[in-house]
Amino acid sequence: MNDRQFKHIRCTINSRAVDAMVDVRASLTELLRGEFALTSVKHGCDVGECGACTVLIDGEPFNSCIYLAVWADGKDITTVDGLAEPDGSLSPLQQAFVDEGAIQCGFCTPGLILTAQSLINRGEPLSDEELRRELAGHLCRCTGYENIFKAVRRALDESLGKKG
Amino acid sequence: MGYTGKRMPRVDAKDKAAGRAKYAADLCVRDALVAKVLHAERAHALVRSINTDRARQAEGVEAVFTCFDVPKYYFPTAGHPWSTDPEHQDVADRLLLTDHVRFWGDDIAVVVARDELSAVKALRELEVEYEDLPFVLDAQAAMEPGAPQLHEAFPGNVLGHSSIRRGDLEAAIREPGLIRVEGWYDTPTVQHCHIENHNCWAYMEGGRVTVVTSTQIPHIVRRIVGQALGRPWGDVRIIKPYIGGGFGNKQDALYEPLCAWLTTMLGGRPVRIECTREETFHCNRVRHAIRSHIISWVRPDGSFAARKLECWSNQGGYASHGHGIAAKGMNAFPQIYPCDNLECDAWTVFTNLPPAGAMRGYGIPQATFAGEAHIDDVARAIGMSPLELRRKIAMPKGYRDDFSGNVNWSDSFRACMEAGAKATDFERRFAELSKPQTGNIRRGVGMALYWYNTGVWPISLESSSCRMVLNQDGSVQVFTGETEIGQGCDTVYAQMTADAVGIPFESVHVVTVQDTDTTPYGSGAYASRQTYVGGFAIDNTGKILRGKILDYAAKLTKLPAGQLGLREGFIENDRGERLMSLAELATEALYSMEDSRHITAEATAQIKSNAYSFGCSFAEVEVDLRLCRIRVTRLMNVHDCGKLINPQLAEAQVHGGMSMGMGYALSEQLRFDEKTGRPLNGNLLDYKLLTFTDHPRLEALFCENAEPTSPFGTKALGEPPACPPAPAIRNAVLQATGIAFGAIPMTPEKLFRALEEGGGSDV
């Protein structure tokens, strides 16, 4: 189709330098799922309401469904696939999700883990209320958020304790 | 036993945390064509014509089909086991696409294109000519003479009506000194809002149709696809990988039949249908809105002389699960608070709203809101505490329901009530907050009981099958037709298998993907049945496998099988001494040059029992009179679901249900334009799901009275937690404000209007 436009981008995905020709209309969700088979990036609403497609871009959480793929040029992108160790062992935050029973259907899990990881990376203490507010962009229908909150609280506190 | 009852880690948690768990869309092949459905923009109309010329010529379009092209095989969609008795079969009122539009969003045409964008653009090129018909959105209005008619086979729009008559109500209400308490209770249309939208993709292989789908009921969907396409059921293969929640919406055949038909029309090429969030709201299923009218004639001591219940269930445009929902709700009414003189009626009525199906609780969230709000209205009317009243009148220990055969073995209501009341200090808080309150913030506590049962016997079939396959290393694959949908059944099945066979938990590999070509029959995830019913199948199969293992062990050890045991993966003699590992035995058995056996076992468990599962909620609220905002400051659920197989998973299940119940109480409602029937808020911005910031700590307690009919002592827990929170919160708001809400959700707008009308005056 003659009005279809592509642009060449270079970016880093999970610490690996990559490049791709992207349709200028495509979302980052489509690029990651389609081109790079990173199916941990979930489709929940396509309009930035549910948080399931969250990825980290230069360390900040974004809804990748409303982030154009072409904007990723020059960016450092992390999906949940990038958090585990090379040998497959889980990060402390991922392990806290497992231990606290924070996972049920698992569809909101990758996005939530990434937002929580960005909070841990920030290295600042958060009150319970602040933490709930930081996580409130993610919808979950299985857990009532209870055990997710426990898992993030624990992982955040432990990471701060280690640094302190 | 060893592993059941313990907090074993979820078998799927690591893959889900790592992002490796695969869901239906993640498995779709890259060259799949994309199908997009054209949804009618009318609440009720006939499609006169659809001009497809421009759509067919659009870039990337492979095919266009309309309601005039589909085969005329009417099919039912409800996720019920098939009944071989025509009288008990689900109503077959659907076609793949329809020319009689019965709700705004009904499916009238489909475009198949090389990519999603081309499909969406081509949809806009379809020109539809409608003949408008009058429409009706309210269930009671739909029963009026002269109301628009939806289905020829159901004059007056009544899909189902059932009633209960007991004793002599007219005589009973003449007893002197009775207090008459009357109320109307409305519950809204809500949606399941699983985070993964329904999606599926289909292709043909060897002349057969395969559908990979996000469903709770793979074996049932196979039958429905066969019916919808007019193909032998064995020609259809359904594959169900991990799914991102279901809550009953995916207990219907949704777009699998259409997707399967499309691949057959396109030479077997892969075709996918992925619902948008908006389609999930409008074009899948919703929970029935039910209006209940209750009158109780009460003696001053709280006992009931007589009771009357009428309820009207809004079915929407198609039968789906139909009258089963309202009937279940009505049947709970005379059981939870038995009464000698009763008149109950329930009607399920077609309207021009989206079709209502199963949703977590199957009529009981609606019935519990009505029934438990009413109990607090009664308590107020006679001046008794709501806890004291319920202690007096709730179903007694030993009560037996003749129809289901269920017995209240353990006085579960009182056990749960007392545990919850003690943990929340309910009686003291209730007394304190009953004193006059002043200021902008008002507080209240409330409670509610709920009635539930386990599975669908005797209304419908309860059957579950299991296959176990022993590996050479002593580990075991477990295949069942019962589905993991997030609730954790794979993990509890691994625990049960480990105990039934006598092997370590880590040696059990539950095959999570249901594939109807290889997985034995199970009805699937609904009716809170799987732990109970699947438990029988696993226990039976595990014992057969164990017997075959010990039989081979007897041959190898030359000891009688009766003197041998299998524990933690080792063959033991009757003194508990380990004779050999199961790995050694399995390897020898398979590769024996003299007597080779691949040790496997398979069994079907048909269950002709059911089990009561009871409990309650306790809520505390703060009501901000100026902001008209209700904040739940404490919420506790107490459940007697028998013995817990995995306490951590059980707690998590309760949390999720409580959250859903809170949303039902406070914020969730799908709204429709009364002038057109158009949905108004079918997206996650305008439909208010609760978030992290809206919840208090969610507290779950259990009274573990072992269920005598279950080999593992277990019974329903999947749906029950969602049933009692809404009325408990409503009753807490009643204490805080004096406003007896007759409808949920209790939004700021409704609270504002109620306060304007002078509610709260008696606070």
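Two residues are in contact here when heavy atoms lie within 4.5 Å. In this predicted model, the contact between the two chains draws 55 residues from chain B and 50 residues from chain A. About 4,200 Å² is buried between chain B and chain A, and carbon and sulfur atoms give 56% of that area. On the chain B side, B:Ala17, B:Ile195 and B:Phe692 supply 20% of the area that chain B buries against chain A, more than any other three residues.

The polar side of this interface can be counted as well. Between chain B and chain A there are 22 residue pairs in polar contact, with both residues at pLDDT 80 or more. The number of salt bridges between chain B and chain A is four. In a salt bridge between A:Glu146 and B:Arg697, the closest N and O atoms are 2.6 Å apart.

Which helices of chain B each supply at least two residues of the side that touches chain A? They are helix 1 (13–18), helix 3 (116–123) and helix 17 (647–666) of chain B. Helix 17 of chain B gives the largest share of that side, seven residues. Sorted by class, the side of chain B that touches chain A holds 23 nonpolar, 17 polar and 15 charged residues.

Next comes a pair of helices inside chain B. Two packed helices are described by the angle between their axes and the distance between the axes. For helix 14 (residues 489–502) and helix 15 (residues 530–557) of chain B, the axes come within 8 Å and cross at roughly 35°. The crossing of helix 14 of chain B and helix 15 of chain B is right-handed. Helix 14 of chain B contributes residues including B:Cys489, B:Tyr493, B:Met496 and B:Ala500 to the contact, while those from helix 15 of chain B include B:Gly534, B:Gly535, B:Ile538, B:Gly542 and B:Arg546. The residues of this contact between helix 14 and helix 15 of chain B divide into nine nonpolar, seven polar and three charged.

The last stop is a salt bridge within chain A. Over all chains, a search of the whole structure finds 65 salt bridges. One joins the side chains of A:Arg153 and A:Asp157, with an N to O distance of 3.1 Å. How are A:Arg153 and A:Asp157 placed in helix 5 of chain A? Because A:Arg153 and A:Asp157 are four residues apart in helix 5 (residues 146–163) of chain A, they are separated by about one helical turn.

Definitions and conventions: Residues are numbered from 1 along each chain as its sequence is written. Chains are lettered from A and ligands numbered from 1 in the order in which they are written. This is a predicted model: local features need pLDDT of at least 70, side-chain atom pairs count only at pLDDT 80 or more; totals for chains, interfaces and linings use all residues. Side-chain values use heavy atoms; hydrogens and water are left out. Buried area is the accessible area (1.4 Å probe) that two parts lose on being put together, summed over both. A polar contact is a pair of N or O atoms within 3.5 Å; within protein, one must be able to donate a hydrogen and the other to accept it, and residues adjacent in sequence count only if both atoms are side-chain atoms. Ala, Val, Leu, Ile, Met, Phe, Trp, Tyr, Cys and Pro count as nonpolar, Asp, Glu, Lys and Arg as charged, and the others, Gly among them, as polar. Axes are lines fitted to C-alpha atoms, for helices over the stretch in contact, and angles run from 0 to 180 degrees between N-to-C directions. A crossing is left-handed if the near helix is turned anticlockwise from the far one by less than a right angle, and right-handed if clockwise.
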